[in-house]
Amino acid sequence: MPGQVIDGKAIALKLREAIMERVKALKSQGILPGLAVVLVGEDPASQVYVGHKAKACQEVGIKSEVMKLPASTSEAELLALVEKLNARPDIHGILVQLPLPKHIHEEKIILAISPDKDVDGFHPLNMGQLFIGSPRLVPCTPYGCLKILQELGLDIAGKQAVVVGRSNIVGKPMAALLLQEHATVTICHSRTRNLSEITKTADILVVAVGKPNFITGEMVKPGAVVLDVGINRLPTGKLVGDVDFSSAAEVAGWITPVPGGVGPMTITMLLFNTLEAINYARK
Ligand code: NDP
């Protein structure tokens with residue numbers, strides 16, 4: 001029997017309604033949550049993402065300030081802006097949209113953002129907290145994947161989880177979150193041998209590779225939960241994930257589509273993290 005398609009949009013909507021209620025409660029205490037979104041340069045995809053983030057903030061009542069800087073902005077100028085935002089009490093979250101122009105070192109910028117305002121969860125302090133089992137601000141995409149599993153009431157403890165991809169923004173934190181939830185976790189990457197033998201052991205399979213339709217139905221264990229993080233645009237203009245949806249859906253128990261699966265959860269968790277960051281704001 002084909003697997004059930006996970007409606008990421010519906011889960012995201014439900015969480016956003018809860019976020020909206022929290023924002024109302026904060027406002028009644030005189031706190032207006034504020035997120036700064038910094039965009040350097042004119043990358044078209046980044047412009048779209050930043051636009052979506054600002055709109056999502058507006059919809060739940062979070063104040064967002066989008067700062068668009070020219071591609072010629074120097075590293076020192078960007079660092080100075082981050083310092084200013086770190087010091088502003090009305091800004092609880094700071095997001096610098098990646099990728100940055102080549103002349104700016106991303107790592108330096110990530111390190112400069114106060115860990116208390118690091119709503120992307122990329123600062124090594126937040127990453128380290130996640131890996132030692134006391135998470136603070138957690139990277140949005142893997143956090144969204146975890147929320148999907150939790151919202152669907154799917155068991156994680158004791159399950160075999162396989163994460164394909166080991167990037168700092170998705171694969172590694174995803175593995176840490178699943179481990180924290182007591183799954184037995186295997187991380188695969190481009191040097192992994194016999195990938196399909198490993199993916200076939202997964203009760204929970206999270207794929208973040210960046211290759212269209214890379215994981216096919218034969219690589220999926222019958223009944224598995226498949227979370228497809230990939231977003232790939234084909235030459236035809238069509239958006240597809242890293243999982244070949246039609247063949248994998250025949251085998252999986254649950255599967256996220258692309259679009260409409262993991263994607264809507266990422267921005268939702270950004271909103272969530274902005275509210276969480278208020279707890280770290282210096283009083
Ligand atoms: P990266 O390119 O940073 O990482 C890709 C990972 O896939 C690497 O660890 C790489 O291994 C691994 N990989 C590459 N080829 C293979 C292979 N043949 N077999 C096994 N593993 C392989 O990508 P990201 O993690 O940033 O993103 C992954 C995908 O998720 C992209 O499509 C991206 O667009 C999407 N994405 C979606 C988001 C959302 O909101 N839904 C948010 C962020 C990303 P190695 O380390 O050895 O090179």
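## Glycine 165 and its loop

Glycine 165 sits in the loop between β5 (160-164) and α7 (171-180); helices (H or I, at least four residues) and strands (E, at least two) are DSSP runs, numbered from the N terminus. This is a predicted model, where local features need pLDDT of at least 70, side-chain atom pairs count only at pLDDT 80 or more, and totals for chains, interfaces and linings use all residues. Residues are numbered from 1 along each chain as its sequence is written.

Is glycine 165 buried or exposed? It counts as buried because it has 24 C-beta neighbours inside 10 Å. The cut-offs are 20 or more other C-beta atoms within 10 Å for buried, 12 or fewer for exposed, and in between for partly exposed, with C-beta atoms placed from the backbone. Leaving out residues up to four places away in sequence, the contacts of glycine 165 include His189 and Val207; contact means C-beta atoms, placed from the backbone, within 7 Å.

## Strand β8 and its partners

Val207 brings us to the strands. Strand β7 (residues 204-207) runs parallel to β8, paired over 4 bridges, and valine 207 stands opposite aspartate 228 in β8. Strands pair if DSSP finds at least two bridges between them. β8 also pairs in the parallel sense with strand β11 (residues 254-255), over 2 bridges.

In a regular strand, side chains alternate between the two faces of the sheet. In β8 (residues 225-228), Val225 and Leu227 on one side and Val226 and Asp228 on the other are all buried.

## Isoleucine 231

Isoleucine 231 lies in the loop between β8 and β9 (232-233). With 19 C-beta neighbours inside 10 Å, isoleucine 231 counts as partly exposed.

Terms used: Two residues are in contact if their C-beta atoms, placed from the backbone, lie within 7 Å.
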